[in-house]
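Subject: A structure to look at

Hello,

I am passing a structure on to you, with some notes on what turned up in it. Please open it first and then read on.

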Amino acid sequence: MKINLRFLLVLPLLAVLATNAAFWEFIYGPQVDQEPEGIKLYTYLLFALSVASLVFYGRYMEPLVRKWMYVVLACIGGLMLESYADQGSWMAYPHVFSKLFVLLIMFGVYAFHRRFGLPSMSQLIGALTFVLLANLLVFHRDSLSLSAFAENERGFGSAAAYLFVPVTLYCLNRYLTHGNVLMLLCFFVCLPLIIFLQHRSVWIATAIAVPLDLFLLLRTPGARFSFTKVVMLIGLPAILGSLGVTMVVLNNPEVVTRMQTNVEDMANADKQGTGSWRLKQIESYMPLVYKRPVAGWRLEGFEVPMQFYDPSNDQPMWADRTGHHFHNFYLDRAYYFGIIGIVMVLLVPLIRVGQRLFQRGPMRADTALLISYFGCLLVFGASYDWSTYHFGLLGLLLAAVAEPEPETLAQPLPAHEAPVWATAPAELVAS
């Protein structure tokens, strides 16, 4: 009996995703206020495994990505020399070094999948969905109520809630490419969950990702935007949503009030809500960014006293020498590494995605999903710093855009002429 071991290809991504609270809460519980020390050590292990992946599979990397990796390694080496010269230690502040080391996870995932091929997206999304729903039901069941919604009890953090975005896109793509009604129902479960968790940054990211994904699906030969599918996708939720909203308004007016408050916070981000809080943090640190715009403050930045004060008591928002806890990816990189830090992360992914978008020919639905995810991640970064798992998914994106499209996508045969393997799901073909 032949055993298919291709399911092992999802393990590197799942290992990186395990750095998110939705995974590690099964070990440490939901009462932990910050990332446990064990997860920090686990992240260092991922750094080491990523280096091993680069050593064994680095030769499979594309030339542009390999040059990018050399630049990152050179920056890490330069930062180590600076640390030794100023502090007498090769790695004085791991918090600052981790912002460069996390790129090694991206390179490691990329190199691994360049060597062994892409994982089954259905297996990856299936495992991710199981973990997310199990976490909600086991640890955050109390947050799944209208009263919790009215009191803004979210249950999930923003980074965990953001994991529902690729699940939502996958369900949408499977429905449009395979006509799977079950996937349509899952899509209609994920969208309300994203809304229910009340992370407005995730709302905005989803609002960007879904239209972008639909646009890219126009290049996927298997996608069908038939009248029936459009009605099911738009008309059905409109009817059911109207009935549901009516029932909520009649029975739970406080939920409507909460929803209105959320919308007003997004519309007036500079005056109220967490948007105003983020703007104040940006204003507090921009003078320092302007002082060193090219290469940032690096290790000295960790020593700088807290610049952001709590408006309610005029005290530092966090203790000194704990990191500055930026709620903005771009501000974080600009403060520590200047313009170089932002360019070092974004330039090559933007080039590779741009090349893939301008490349003629069809596009896999899974590639469209990952590009859409990256597009909304650029917007999400304006509200939060990127988590470790974001770099793992970015490595998967780079591997996906590097893969040539199958010939069966470029010239699809009529259904009555196509062999069985050509009409099978992509996951089965890959195996």
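Let's begin with a pair of helices. H5 (residues 94-116) packs against H16 (residues 329-358) at an angle of about 15 degrees, and their axes lie 12 Å apart. That angle makes H5 roughly parallel to H16, and the crossing of the two is right-handed. On the H5 side the contact is made by His95, Val96, Lys99, Leu100, Val102 and Leu103, while H16 brings in Asp332, Arg333, Tyr336, Phe337, Met344 and Val345. Sorted by class, these residues are 8 nonpolar, 1 polar and 3 charged. Do keep in mind that this is a predicted model.

A second pair is H9 (residues 164-178) with H17 (residues 365-380), packed at an angle of about 145 degrees with 10 Å between their axes. The crossing of H9 and H17 is right-handed. From H9, the residues in contact are Val165, Pro166, Leu169, Tyr170, Asn173 and Thr177; from H17, they are Ala365, Asp366, Leu369, Ser372, Tyr373 and Cys376. This contact of H9 with H17 has 8 nonpolar, 3 polar and 1 charged residues.

Now to the cysteines: how many disulfides does the count come to? The count is 0. A disulfide needs two cysteine sulfur atoms within 2.5 Å. For Cys171, the closest cysteine sulfur is in Cys190, 4.7 Å away, so the two are too far apart for a bond. Cys171 is buried, at 5% relative accessibility, whereas Cys75 is partly exposed, with a relative accessible area of 28%.

Enjoy exploring!

Best wishes

Key
Residues are numbered from 1 along each chain as its sequence is written. This is a predicted model: local features need pLDDT of at least 70, side-chain atom pairs count only at pLDDT 80 or more; totals for chains, interfaces and linings use all residues. Side-chain values use heavy atoms; hydrogens and water are left out. Buried means under 20% relative accessible area, exposed over 50%, partly exposed in between (1.4 Å probe, protein chains only). Axes are lines fitted to C-alpha atoms, for helices over the stretch in contact, and angles run from 0 to 180 degrees between N-to-C directions. Helices (H or I, at least four residues) and strands (E, at least two) are DSSP runs, numbered from the N terminus. A crossing is left-handed if the near helix is turned anticlockwise from the far one by less than a right angle, and right-handed if clockwise. Contact means heavy atoms within 4.5 Å. Ala, Val, Leu, Ile, Met, Phe, Trp, Tyr, Cys and Pro count as nonpolar, Asp, Glu, Lys and Arg as charged, and the others, Gly among them, as polar. Angles under 35 degrees count as roughly parallel, over 145 as roughly antiparallel, 65 to 115 as roughly perpendicular and the rest as oblique.
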